[in-house]
Amino acid sequence: MAYQGTALWREPEGPCLRNFNERKAVDSVNGALALRPQIERIVDQLWEEGFDGIWYMGIGGTWASALQAEVYLRGKTALPVYAENAAEFLTTGNRRFTSRSVLVYSSVSGNTKEMVELVDKVKALGARVVAFIDTPGSALTQPGKWDHLICYPQNEQLKFYMVANYLLYKNGEFPDYEQYNREMEAHLAQDLADIEKACDAWAYDYAKKKAAFAKERPDLPHYFIGAGNQYGATYSYAMCYWEEQLWIRTKSISCGEFFHGMQEIIVADTPVTLFLGEDEQRPLGERVARFLPKVCGNYTIIDTKELPMPGISPKFRGSLSHLMMHGVNNRVDAYLELFLRHPLSIRRYYRQFDY
């Protein structure tokens with residue numbers, strides 16, 4: 001009798017919402033949203049004490065989240081807000097960062113090498129630290145490593161934006177703050193879960209095609225393009241998910257830079273995915289979307305405007321489009337893991353030995 005494998009890896013005949021737990025997903029987002037009073041108290045204290053800069057810092061995926069928070073605030077606030085790569089800050093420093101500055105960061109493990117060193121350096125400078133840590137009892141949750149600590153898993157971008165939104169409100173730059181939060185707390189969690197359900201069939205087909213192409217052309221990288229808060233999404237998704245977790249070669253680039261190099265190597269069969277969001281930089285993505293059909297027959301455009309968010313006002317969707325895209329990517333990853341027979345949890349080198 002032929003061996004058919006375990007149920008975990010047996011290929012379904014079609015989309016099946018693989019690895020999706022709706023109740024868990026909804027509870028996770030609602031739990032993060034419930035942190036708002038705690039986050040507001042922290043920002044109130046920072047505001048009363050005063051600061052000369054808010055610095056979102058990270059490494060890898062958390063650096064991508066820092067970029068998303070900074071670009072979200074850049075055109076909205078006169079407050080001094082910056083994004084900094086932790087490894088570069090450790091080596092180069094930044095003379096604008098002083099004892100009156102505030103570090104805002106996130107860590108899943110709570111023990112990432114660069115982040116531990118970053119916090120030590122920042123505390124030695126006398127600056128304040130706002131830490132979002134997923135793992136209680138980890139190195140970065142120990143006394144002396146933080147001034148304000150919130151332990152809650154996942155939802156990193158949401159937590160960063162909650163800090164950002166209240167800063168805008170405190171500075172008189174977010175008059176719709178109360179309406180925004182009413183809608184988020186009433187609808188966001190279920191709307192994001194519904195996006196995953198709505199795009200599951202599409203994600204199944206997309207992942208199946210991408211897995212087949214990756215097996216046929218493992219030497220050819222897949223190109224991801226995005227702008228605004230979608231650039232952080234493309235950067236993180238390409239590097240942290242397809243490269244680190246799935247071992248697929250990728251390259252990511254911003255829509256603004258696409259026309260200054262990458263466009264020249266796009267040909268008929270080049271695999272390209274454009275993340276098209278709804279924030280202020282959408283026109284940059286639309287320009288790429290107009291160009292791709294002229295030279296490429298292997299492109300995909302994922303446009304968050306096509307995704308349902310019935311409980312959210314249109315004027316707020318741009319601030320959430322990276323979360324909407326994350327829901328789509330969750331579904332893709334679940335099926336890529338299956339079609340490639342490659343568990344997302346395994347690594348060749350990352351944290352496997354000292355380097």
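Residues are numbered from 1 along each chain as its sequence is written. In this predicted model, local features need pLDDT of at least 70 and side-chain atom pairs count only at pLDDT 80 or more, while totals for chains, interfaces and linings use all residues; side-chain values use heavy atoms, without hydrogens and water.

**View 1. Tyr56 sits in the largest nonpolar core.** This core holds 75 residues, and Tyr56, Leu188 and Leu320 have the most contacts inside it. A nonpolar core is a set of buried (under 20% relative accessible area, 1.4 Å probe, protein chains only) Ala, Val, Leu, Ile, Met, Phe, Trp, Tyr and Cys residues joined through side-chain atoms within 4.5 Å. A second, separate core of 17 residues includes Leu103 and Val116.

**View 2. Helix 3 meets helix 9.** Helices are DSSP runs (H or I, at least four residues), numbered from the N terminus. The axes of helix 3 (residues 61-74) and helix 9 (residues 229-243) come within 8 Å and cross at roughly 175°; axes are lines fitted to C-alpha atoms over the stretch in contact, with angles from 0 to 180 degrees between N-to-C directions. That makes the two helices roughly antiparallel (over 145 degrees).

**View 3. An open sheet has 4 strands in the order 7-6-8-9.** Strands are DSSP runs (E, at least two residues), and two of them pair if DSSP finds at least two bridges between them. Here the pairing is parallel. Strand 7 (250-254) and strand 9 (299-303) stand at the edges, each with a single partner strand, so one side of each has no neighbour in the sheet.

Methods: Buried < 20%, exposed > 50% of the residue type's maximum accessible area, 1.4 Å probe, protein only. Parallel < 35°, antiparallel > 145°, perpendicular 65-115°, else oblique.
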